[in-house]
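Please open the model in your viewer and keep the sequence panel beside it. The tour below goes from one selection to the next and says what is found at each stop.

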Amino acid sequence: MQLRLAYAGSTGMVVSWNTYAQLSQPKVFYGRHPWLLKSTASSNVSVTYPSSTTYNNHVKITGLHPNTQYYYLPENSNATTPYTFKTSRIAGDSTSYSIAYVADLGLIGPQGLWTTVGNGAANPLGPNDTTTVQSLQHNSDGVDFLWHGGDIAYADAWLKEEIQGFVPNTTIADGYKVYESLLNQYYDEMMPLTSKKPYMVGPGNHEANCDNGGTKDKAHNITYTASICVPGQTNFTGFINHFRMPSTESLGLGNFWYSFDHGMAHYIQFDTETDLGHGTIGPDEIGGSGGGENSGPFGSYRDAQIDWLQKDLAAVDREKTPWVVVGGHRPWYISGSPCVECQKTFEPIFLNHSVDLVLSGHVHAFERQAPLNNFVTDPNELHNPSYPWYISNGAAGHYDGLDTLNRPLQNYSRYAVDTAYGWSRLTFHNCTHLTHEFVASANGSVLDSATLFKDRSCKGLNDGDSGGYGDDR
């Protein structure tokens with residue numbers, strides 16, 4: 001179940017899947033031909049945690065060729081034909097490509113976002129709407145990978161769904177079973193996509209624990225907190241166990257902060273939930289965006305993430321990867337509630353290292369901003385700006401629906417929509433032009449498109465030829 005991929009450098013891929021029983025040695029068969037899976041990779045990583053109903057199995061395949069299609073099957077798979085993946089484009093590959101980005105994507109269906117909602121919920125799907133998960137699957141051939149910037153599955157909405165009469169009531173003591181059921185349903189629902197495209201993820205507040213940031217039962221005047229969560233559903237435990245991001249390759253930390261190269265771009269996932277440095281743990285503990293996570297820190301010392309981020313950015317070879325794109329869950333430029341401490345922590349670093357684009361979610365709407373520096377708009381707008389370009393897209397869809405942006409919009413806002421579910425498509429045309437599109441999930445229409453131009457040389461790039469290889473590996 002729940003088959004998913006993640007890049008491990010340009011010559012590696014992590015294959016992860018779940019089983020009901022622990023495996024003594026998870027193994028993957030793979031090769032260049034669907035009828036000849038002659039190579040194997042294995043590990044001893046078959047892990048679970050209290051409250052989980054499954055084991056998470058992780059196998060890293062190394063020594064692959066970049067930008068190359070492979071066929072694979074986990075051992076004892078019940079699939080009749082192999083799955084496929086394509087390894088990452090090597091840094092410096094100048095071939096145009098696209099990726100998909102989402103944030104705040106939850107379970108779609110009768111126990112999540114659906115055509116009906118609970119009492120007090122909002123924004124149901126239309127009866128003929130294509131969901132975000134379906135839209136991503138329909139468009140998967142046109143993107144190299146899916147980047148999910150936090151808030152994954154929304155299993156922590158289980159109690160709210162019960163209180164609002166959307167799913168049957170259970171006891172608080174048995175709530176962990178509902179949580180795990182919703183979580184497993186989501187990962188199974190994503191498998192047609194994540195079994196063939198790398199699924200790169202980052203932490204959001206809804207991965208922290210099981211209580212949806214504090215759930216209120218107004219009818220009985222009860223406010224629930226993270227104290228109702230059983231061991232295994234606090235402190236990002238499921239998120240830590242379920243994924244294996246390329247932190248080893250980038251000297252990052254687990255699934256919380258890491259980086260990777262892909263063609264013309266260097267991607268960085270950073271953590272807005274914990275480890276903000278300066279003696280803080282995360283935005284909740286310092287009066288930021290709310291939610292009462294009570295999680296982390298995870299770094300070995302106070303400024304571990306900050307030091308890593310500065311070193312990682314300083315080491316980027318802009319001749320090979322002229323584009324630098326960073327993603328963190330909470331926005332600080334938004335026509336809503338900003339994460340002020342996130343801005344204080346990260347914005348000076350991004351400015352100092354000429355980051356091109358900053359992606360976020362958390363607010364359940366789409367808003368494209370101008371390039372900004374401390375709330376000042378770059379006079380060049382998208383024509384060779386000196387400041388990073390900010391885009392927030394938390395409109396993928398989940399049980400709670402969409403948020404209403406504060407109006408009038410901020411003066412730095414350039415396009416916003418809070419009435420449509422959707423996802424982002426980023427297209428890297430060359431070293432100078434990058435296009436962002438907001439794709440409406442319901443019908444596939446592009447509601448907003450904008451292109452960033454950077455005036456720079458492409459001399460360090462190549463034609464993307466990864467070379468001719470005679471072996472099957």
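**Stop one: a salt bridge**

Select E249 and K60, which form a salt bridge whose closest N and O atoms are 2.8 Å apart; the term requires a side-chain nitrogen of Lys or Arg within 4 Å of a carboxyl oxygen of Asp or Glu. This is a predicted model, in which local features need pLDDT of at least 70 and side-chain atom pairs count only at pLDDT 80 or more, while totals for chains, interfaces and linings use all residues. Residues are numbered from 1 along each chain as its sequence is written, and side-chain values use heavy atoms, with hydrogens and water left out.

**Stop two: the two domains**

Next, colour domain 1 (1-88) and domain 2 (92-453) separately, bearing in mind that these bounds come from an automatic or database domain assignment. Their centres, taken over C-alpha atoms, are separated by 25 Å. Where they meet, 30 residues of domain 1 are in contact with 34 residues of domain 2, contact being heavy atoms within 4.5 Å.

**Stop three: a loop residue**

Finally, select T321, in the loop between α6 (304-314) and β18 (323-327); helices (H or I, at least four residues) and strands (E, at least two) are DSSP runs, numbered from the N terminus. T321 counts as buried because its relative accessibility is 2%, the limit for buried being under 20% relative accessible area (1.4 Å probe, protein chains only). Leaving aside residues up to four places away in sequence, show A91, D261, G263, M264, A265, H266 and V316, which T321 touches.

Technical notes:
Buried < 20%, exposed > 50% of the residue type's maximum accessible area, 1.4 Å probe, protein only.
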